[in-house]
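Please read the following report with the sequence and the model side by side. The headings take the topics in turn.

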Amino acid sequence: MIKFFLMVNKQGQTRLSKYYEHVDINKRTLLETEVIKSCLSRSNEQCSFIEYKDFKLIYRQYAALFIVVGVNDTENEMAIYEFIHNFVEVLDEYFSRVSELDVSFFNTVFHSTWQTQSSPSQ
Amino acid sequence: MPAVSKGDGMRGLAVFISDIRNCKSKEAEIKRINKELANIRSKFKGDKALDGYSKKKYVCKLLFIFLLGHDIDFGHMEAVNLLSSNKYTEKQIGYLFISVLVNSNSELIRLINNAIKNDLASRNPTFMCLALHCIANVGSREMGEAFAADIPRILVAGDSMDSVKQSAALCLLRLYKASPDLVPMGEWTARVVHLLNDQHMGVVTAAVSLITCLCKKNPDDFKTCISLAVSRLSRIVSSASTDLQDYTYYFVPAPWLSVKLLRLLQCYPPPEDAAVKGRLVECLETVLNKAQEPPKSKKVQHSNAKNAILFETISLIIHYDSEPNLLVRACNQLGQFLQHRETNLRYLALESMCTLASSEFSHEAVKTHIDTVINALKTERDVSVRQRAADLLYAMCDRSNAKQIVSEMLRYLETADYAIREEIVLKVAILAEKYAVDYSWYVDTILNLIRIAGDYVSEEVWYRVLQIVTNRDDVQGYAAKTVFEALQAPACHENMVKVGGYILGEFGNLIAGDPRSSPPVQFSLLHSKFHLCSVATRALLLSTYIKFINLFPETKATIQGVLRAGSQLRNADVELQQRAVEYLTLSSVASTDVLATVLEEMPPFPERESSILAKLKRKKGPGAGSALDDGRRDPSSNDINGGVEPTPSNVSTPSPSADLLGLRAAPPPAAPPVPASAGNLLVDVFDGPAAQPSLGPTPEEAFLSELEPPAPESPMALLADPAPAADPGPEDIGPPIPEADELLNKFVCKNNGVLFENQLLQIGVKSEFRQNLGRMYLFYGNKTSVQFQNFSPNVVHPGDLQTQLAVQTKRVAAQVDGGAQVQQVLNIECLRDFLTPPLLSVRFRYGGAPQSLTLKLPVTINKFFQPTEMAAQDFFQRWKQLSLPQQEAQKIFKANHPMDAEVTKAKLLGFGSALLDNVDPNPENFVGAGIIQTKALQVGCLLRLEPNAQAQMYRLTLRTSKEPVSRHLCELLAQQF
């Protein structure tokens with residue numbers, strides 16, 4: 001089950017976040033910082049799954065942007081990993097060559113894209 | 001979906017956004033925003049009624065400002081107005097705004113709910129979807145109360161559009177997860193299952209998610225989904241790569257749906273219907289076959305999607321654990337991945353293989369990959385992959401490869417990450433003991449462990465090595481020699497000093513013949529470490545010294561000198577001072593004979609041996625040896641306050657082992673001098689210091705409370721005592737919750753899982769049991785975002801249980817942060833047979849309100865089962881020996897679960913007995929044997945389970961040497977089928 005979805009850039013700025021379980025706003029900031037830190041500290045040789053507290057992070061990097069999905073341990077890592085890519089492909093289609101700038105400019109579009117897209121996988 | 005895109009006319013918005021982007025400083029941005037806010041406010045307040053377009057534009061700007069992190073305190077009303085617009089884009093922005101900025105303003109909620117209701121009833125699919133998305137996104141309890149009853153109707157209505165059905169399923173799922181009690185079960189559930197047959201793949205995907213969640217609570221209501229899921233899966237798996245059009249992802253048909261279907265099937269045991277099962281096995285085989293085919297595309301997306309399905313398939317095969325052929329194939333497939341160049345695949349393969357290793361069918365197949373896994377441990381650059389490799393090595397370890405695996409893990413320990421060292425240490429210690437063939441290897445391993453990672457070696461580990469060394473005289477000389485060598489290292493860990501001190505004090509004489517380790521050398525070696533050690537270790541060393549005086553009279557003068565030194569006799573620490581004074585007096589007053597008796601070598605630790613073997617040893621040893629065991633608990637000889645003359649019990653039992661043996665454990669047979677009321681008196685001891693003063697100790701109580709080891713002496717007591725002291729009396733705790741028995745039953749045949757869960761709290765259990773000892777980890781998860789205060793979980797022994805089962809709890813933090821998890825460790829010792837489980841009482845304050853909860857701790861007598869293999873004739877012989885009517889318990893009962901031989905087998909093994917093949921002439925029947933290990937006695941158990949598939953009935957017969965045990969086991973086991 002997906003617990004949260006994040007788009008964070010290398011500077012640690014969150015571009016999009018979506019939580020499927022209630023998390024306090026101030027805790028979110030902390031969580032997001034820790035999450036991006038653990039992603040940034042990893043090299044290409046390392047796998048894309050990180051065990052973090054009682055859940056797993058699955059991440060992919062697109063240019064300077066990280067997409068991170070937090071899941072519980074019953075989730076299929078590979079399916080989520082590829083699902084992230086599918087999401088990016090959809091955005092790419094919509095914006096014809098999507099970039100980080102699109103994400104911050106058209107936040108609302110991203111929200112609705114992610115909503116309609118991610119729903120089936122919840 | 002019509003979209004709000006760049007060119008959609010909202011030029012004002014685009015201009016505003018680019019203005020913000022062009023701001024050079026934070027101040028400029030705030031200024032620009034404030035200007036815009038003022039503008040919007042005036043527009044909203046102005047006399048001129050705004051048209052839909054302007055409203056939408058301004059609400060959009062507000063939303064953007066909010067998302068930038070600024071507070072918005074107006075505009076809600078305008079957003080709600082947009083909801084009733086007939087234009088999609090306006091409605092959508094309205095919904096988006098309230099989804100993001102909803103607050104519990106009662107006035108607005110009523111209006112919003114009204115608008116949603118209208119849209120749901122509108123029969124316009126786009127509007128219905130928007131409303132459903134909004135309900136799901138807000139997902140609050142209020143939303144649930146308002147709409148939970150309507151959504152199932154929309155979901156199964158014949159005339160709903162596909163997209164509406166899809167949204168309705170997901171919306172319902174969301175509401176169900178948030179507040180399951182609000183979603184009424186009813187006849188719609190049967191119709192939801194049939195959505196698996198829907199033409200539209202999106203509907204199927206959404207429905208699978210919903211059913212997977214619902215069926216966990218009510219598996220029987222959704223049973224029919226198995227065959228539907230299998231046939232759907234089979235159609236997808238066998239379809240050509242282009243059949244599913246939009247739902248084909250890089251030539252893989254519907255990968256995510258396949259994964260979900262496979263996951264749904266994991267909620268159930270293997271299908272009973274042979275045809276369905278055959279079809280499913282065919283599917284699984286197809287997936288495995290496809291993995292071997294050349295890829296249809298070189299793109300990594302293709303193989304990722306394919307592998308996602310493959311991994312889920314393997315999970316299902318492992319879940320069924322009944323198809324040896326498939327299990328072995330899965331293992332081979334994972335074996336290929338172990339060497340794959342993609343790190344992700346190596347990681348996942350190691351993870352899956354770990355579960356495969358525990359299946360009896362694939363254990364051997366997993367073992368063939370040992371070299372690859374060891375190589376992974378050595379060469380992987382990613383720590384998480386290495387950790388998976390270490391886990392897998394632990395899982396695949398057995399007698400044949402233990403030496404190799406343990407040495408590899410030890411080597412890994414030197415470079416392992418700090419976070420996982422303790423875990424590795426425990427694993428090495430467990431494996432070394434479990435599979436030790438010769439004990440010198442075991443001793444070497446543990447000493448290495450202390451040398452490499454002393455900080456991470458917990459007390460239990462080094463207590464254990466002492467117990468084993470004490471109990472096995474063939475290894476004592478070797479242990480003394482090894483530990484002596486280890487102590488010569490210039491810097492050695494304090495745990496090493498403790499082990500060294502204890503072993504040399506007991507067995508130093510065995511190596512004293514060698515001039516390099518003559519008594520004075522041994523002494524000065526130990527004493528050179530003395531000053532660097534903590535109080536507890538120094539106390540232990542003082543005991544070693546007095547033992548040296550007995551072992552080696554020639555060291556007497558030197559040691560007395562040390563004891564006499566001001567730093568000892570006037571030590572600020574009471575414990576050290578007392579020991580120095582007592583030992584000094586003992587050594588000068590007592591005759592050699594008395595000294596020899598008092599400082600006798602420790603008797604073997606009883607709980608680790610079969611009773612016959614212990615008897616044999618005691619016979620062989622000097623007469624005094626046997627008396628010691630009782631003497632240790634004999635109150636009359638234990639007079640600490642007297643202080644002049646330490647007694648055998650005090651001296652020959654350095655602190656840690658005293659505690660290990662469990663002063664809290666005294667079983668009646670081992671303490672004949674204690675009157676029958678011992679149970680009650682011991683209760684007082686457990687209540688600890690806090691309870692004592694009020695008791696006004698009578699002489700006997702005083703004696704018994706003396707048995708409590710002095711606090712500074714024992715680090716373990718420090719940890720163990722506070723919890724019992726805080727223990728409320730049994731009258732203080734509430735009765736167990738109604739489901740307690742049901743929850744307990746879930747754990748009769750398994751050791752790990754979620755014990756309890758409600759809106760606030762989740763309690764997970766992980767436990768392991770060996771012989772009469774057990775360790776349980778309880779994980780308390782705070783599911784809320786609010787801190788729990790005064791959090792105190794306690795274990796309570798109702799009735800006589802105190803004398804039957806000893807549970808030591810460690811205290812946990814009194815605060816549990818929102819979303820955090822705390823762990824509590826329980827050490828359990830079974831003293832004698834028991835029938836009722838201990839209670840776990842959890843209390844805390846949540847948002848000011850006190851909460852309390854009483855559960856039954858999943859510790860049942862069968863946890864202390866040791867499986868026993870025996871041949872048919874032995875079995876029958878024993879069966880006949882136990883033929884008294886009260887030794888047998890029998891029960892005939894109806895099957896509550898599908899009658900599957902493999903599942904039954906797994907349950908019986910989980911129950912703890914060995915399964916004996918070829919004993920019963922009827923191959924359908926199950927026969928098992930085992931011994932229940934308690935500290936006081938062992939109870940042999942034989943069992944027989946006769947399923948009758950036609951009648952859906954079972955007959956269960958148990959024979960044990962103790963009547964209540966037979967009956968109790970029979971009750972426990974009967975509920976599992």
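Over the face of which ring does B:K91 lie? B:K91 lies over the face of B:F127, at 4.4 Å from the ring centre, where a charge counts as over a ring if NZ of Lys or CZ of Arg is within 6 Å of the centre and within 35 degrees of the ring normal.

## Basis of the model

This is a predicted model, in which local features need pLDDT of at least 70 and side-chain atom pairs count only at pLDDT 80 or more, while totals for chains, interfaces and linings use all residues. Residues are numbered from 1 along each chain as its sequence is written, chains are lettered from A and ligands numbered from 1 in the order in which they are written, and side-chain values use heavy atoms, leaving out hydrogens and water.

## Aromatic pairs

Over all chains the structure holds 31 aromatic pairs, meaning rings of Phe, Tyr and Trp (its six-membered ring) with centres within 6.5 Å, called stacked if the planes are under 30 degrees apart, edge-to-face if over 60 and tilted otherwise. The rings of B:F523 and B:Y545 have centres 4.9 Å apart and planes at 65°, so this pair is edge-to-face. B:F875 and B:W879, in contrast, are stacked, with 5.7 Å between centres and 25° between planes.

B:F875 is buried at 2% relative accessible area, and B:W879 is also buried at 14% (buried is under 20%, exposed over 50%, partly exposed in between, with a 1.4 Å probe and protein chains only).

## Another charge over a ring

B:K427 lies over the face of B:Y394, at 5.2 Å from the ring centre.
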